[in-house]
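Have a look at the sequence and the structure first.

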Amino acid sequence: MEQVVRFFVDRWQFSLVLFVMLVALGGNAIVSIPKSEDPTVRFPIAGVTVVLPGADAEQIEKLIVVPLEQAFNRIEDVKEVRSGASSGVGSVTVEFTYGSDPERKYDELVRELNVVRPNFPTGVVEVRTFKANTANANIVVLALVSETAPTRQLEAAARDLRDMLERGSGVQSSQIWGAPESEVRVSLDLDRLSQFQLSPLAVVDALQREGADVPIGSVASGGRRFNVTATGPFDSLDEIRRTALRASPGSTLTVGDIAQVEWDNDESRHLTRYNGKRAVLVSAKGKLGVDVFVVRNNLYKQIDAFRSSLPEGIVLETGFDQSKTVAHRLTSLGRDFGIAVLLVLFTLLPLGFRAAIVVMMAIPLSLAIGVFWVGQLGYTMNQLSISGFVIALGLLVDDSIVVTENIARHLRNGMRRREAAIAGVSEINVAVLGCTATLIFAFLPLIALPEGAGDFIRSLPVAILTTIIASLIVSLTIIPFLASRLLSRDGHGKSNPFLDGVMSAIHAVYRPVLKLALRFPVSTVVVSLCMALSSFALVPRLGFSLFPENDSPYFLVDVELPQGVSVTETDKAVRYVESVLAKRDDIAFQFANSGSSNPQVYYNVFETLGVPDYGQVYGAFEHWEAETGPAHVAEIRKELEKYPAAKLTFRRFENGPPVEAPIAIRIWGKDIETLSQLAASVEKILLETPGTRDVSNPSAARLIDVALNVDVEKAALLGIPAGSIDQTLRVAVGGSTVAQIRDPTGEAYPVRVRMDAGTPPDADALKHMYVWTGQGGAVPLSEIASIGFGSGPAVVNRVQQERVNTVLSYVLPDYLAADVTQDVAQRLEAINLPPGYRITFGGQAEAASESFSGLGAAVLVALFGVLAVLLLEFGSFAQMTVVAFVIPFGIMGGFIALYIAQYPLSFIAMIGFIALIGIEIKNSILLVDFANRLRSEGVPLREAVEQAGEIRFLPVLLTSATAIGGMIPLVWEQSPLFSPLAVVIIGGLISSTLLARIVTPAMYMLLTPKDAAAQKS
């Protein structure tokens, strides 16, 4: 190592060029590294949603869900298959085992879907697949707003905008929301059909044959090959009208004779508004790992050009823009980083101005290398990686502080700058390597944390590790070179009032306390250990949590109405939510959705499609402040509770892997009625448990259906063909898509046959409908059916192909989900479950068990990895114990700091405790290493311990102070995500710095061989 130091000190020209190159490399990396709000994570989760209007929950389960479950279960590495069936919608979500390739598993899921899809019943209007990753959140959601433009004009503008966005660089896909699809409506005239004794199914059959796009083949002529084209798909309305139904001598009956053919719009299944105005939404998703700012800039150029081409009366509004959130987060964290740099510089003043400048040089160099390697390893610049860099800021200067302080001490003793630089590094290089190794082993296990939580936070330890390793290299190469050139030899430190003040305090306060501790080492160790162990009593008071709320200003309001209501009724409740938000001055914008959810704008909140009784309002506060925000949320919730006809749930986004709700209680069994009764009991318990809010029991509602009760035998006697009743009613009620028509631009639109020109008929109209016989006659439906009403389950959920009812609940702000879940679990013991039925917990309880299961292994690896480093460095179990004895005192400070700051023991806080193991141990390494060096020079045990404690107190104090200074801005930020981590490290550093400087020397006195024993050996 001495030869390496000599090289960089003597070859200063090379060192200077290397210094400049690293700074330039870091600057380029900061500019070029992709930037996003959240880490790039591919969760091994994929699924499919199928929309089949008119089908009830049990039909969806039988026709859609079960076949898909059976197909997906054949895929390898399936961990869990979850499904849901409700009126008109079926969804199946597959979670694969951690470690499987998400892209490959998604492809396999699509392959199995394509095998099952041809067996879907007629009438499926939409099949949409999804894969869970952070890129699913849209980069932009735009709104084409107009109160007067025709629907088809809005739809055409939305299609043009969608196609333009999809051509943008870095865009994965673009979708249209809230535009009723244009179609050609063939409205049958029942009187004309009866006059010509023609069945509606004959019209459907004729249009299907005439509009079929069937390739005929090719013929040869004159040595050339020609493709043969016949009628092909429809190109105009007149072509549809001319379609022949029946021919007789001298006349032909056409579609135009018995039906009205015109352009129309499909039934509105998704109503959308922007800030209360009628709108069609267009969203765009970016590719995984792209720079959100680069994509945004490319899109905005196209959007500005598109805006100028819009017809009068249509306005393009830029509603959601993910880059604004990312820019705000980067600005805030960049500000925090600047504050941290100033605080670190302030803590270095006791070294002297020149020495402080030398140490500060380690910051840009280490960060340059760290950012470069973070980008090379495939990570983005996001809120967690930036937090990692801010945390590393207080740690990366530690090695440089120790090296520079030791060089400065040799300079004060009269050495020349070159010799001082070489001697200063050579003297402590082993200790510096040991300190850095303990830090590496503290953070290294966090990279291997399993499941989605591990993937989500991985960029944080990667940023810290790359920066710390870079700081070690810089401290042993560049820092000695800079110190040999910049430090002053004459009187360095003697005229520094900061240094004089700190050293005076050390001599006046620390020295007598240390002497007292060394006089009574056993009592010192026992009393200190009792203090540390007593801090564990705070754990139950802290409570447990998984991941906190996101600190962004965005929120959702879920609107749930009784099963079976129409989109129009749902829209009334959605409009009420809009009116509540519109009265407030602190709301920036709002998107209203009835019949479906909002386009996805957050990575762990997925879309809900085609549910008439469901709506959602997505909005944003102008600013979100941690102190005042919860009060504003409470005000809005109070207003929403005044609407009695719907369940309105206000919720903010949460960090971490997808969780259905903080509390989710699953009841398993076969019989739907029994499950519903048990779910009602669970719902009652949740409502009575303190801390719960917005309790939801989907199985409580019953779906009312119209039952036809057809007399099959009578229908057969009247000559009605088998199956024609269902087919006829399908045309009458829902309409039947028979072909496509293409406009001159190449866009395809459906051709749909219906028995009326409007919306679905009233229930009483069924009594007056006719069913056609095989001879062309018509029989009233009421003659062969007894029309009545029946009820069925509104929703059927399944997990691992077993029926399950899930009762959900959110938690009030002043309560922790873990505490409320524990209370609920005790109350559930009073329920007597029938044989074959069981109750389990999902939600945060399930996610926490999976996430925290990996933390145990991480703690063990970090602890034993650090102990192994200590054994390699000191070669003694006794001295390893002396150094490691500091760990309980850091944990004590972490608990106390969390209690004072009112943060629970969360996943991120636990990471702070793991990191603390390595951070606090390095300070004890410096003391023990220096004491060993003094004893090897013949200094007596007590004197060696006293000198090591006093001389090493300054670098220990400075390294702890810089680490605390680097963390303080993260605490000021009051981020629920990374502030708890900073609080833990600050508290642990304060307690370990104060107590361990007393306890570690006492332990050294007790466990290290005494002077006489050392002489004999």
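In which hand does H21 pass H22, left-handed or right-handed? Keep in mind along the way that this is a predicted model.

## Two crossing helices

H21 passes H22 in a right-handed crossing. To find the pair, look at residues 567-582 for helix H21 and residues 629-640 for helix H22; their axes come within 10 Å and cross at roughly 140°. Angles over 145 degrees would count as roughly antiparallel, and H21 and H22 are therefore oblique to each other.

## An open sheet

Next comes an open sheet of 4 strands, with mixed pairing and the order S12-S7-S24-S23. Strand S12 (259-265) and strand S23 (736-742) each have a single partner strand and stand at the edges, so one side of each is left without a neighbour in the sheet. On average, neighbouring strands of this sheet are turned by 30° against each other, direction ignored.

## A hairpin

Strand S10 (residues 244-248) pairs with strand S11 (residues 251-254) in the antiparallel sense, over 4 bridges. Ala247 has Thr252 in S11 as its bridge partner. The two strands S10 and S11 form a hairpin with 2 residues between them, and Gly250 in the turn has a positive phi of about 90°.

Ile216 lies in the loop between helix H7 (200-210) and strand S8 (217-221).

How values were computed
Residues are numbered from 1 along each chain as its sequence is written. This is a predicted model: local features need pLDDT of at least 70, side-chain atom pairs count only at pLDDT 80 or more; totals for chains, interfaces and linings use all residues. Side-chain values use heavy atoms; hydrogens and water are left out. Two strands pair if DSSP finds at least two bridges between them. Axes are lines fitted to C-alpha atoms, for helices over the stretch in contact, and angles run from 0 to 180 degrees between N-to-C directions. Angles under 35 degrees count as roughly parallel, over 145 as roughly antiparallel, 65 to 115 as roughly perpendicular and the rest as oblique. A crossing is left-handed if the near helix is turned anticlockwise from the far one by less than a right angle, and right-handed if clockwise.
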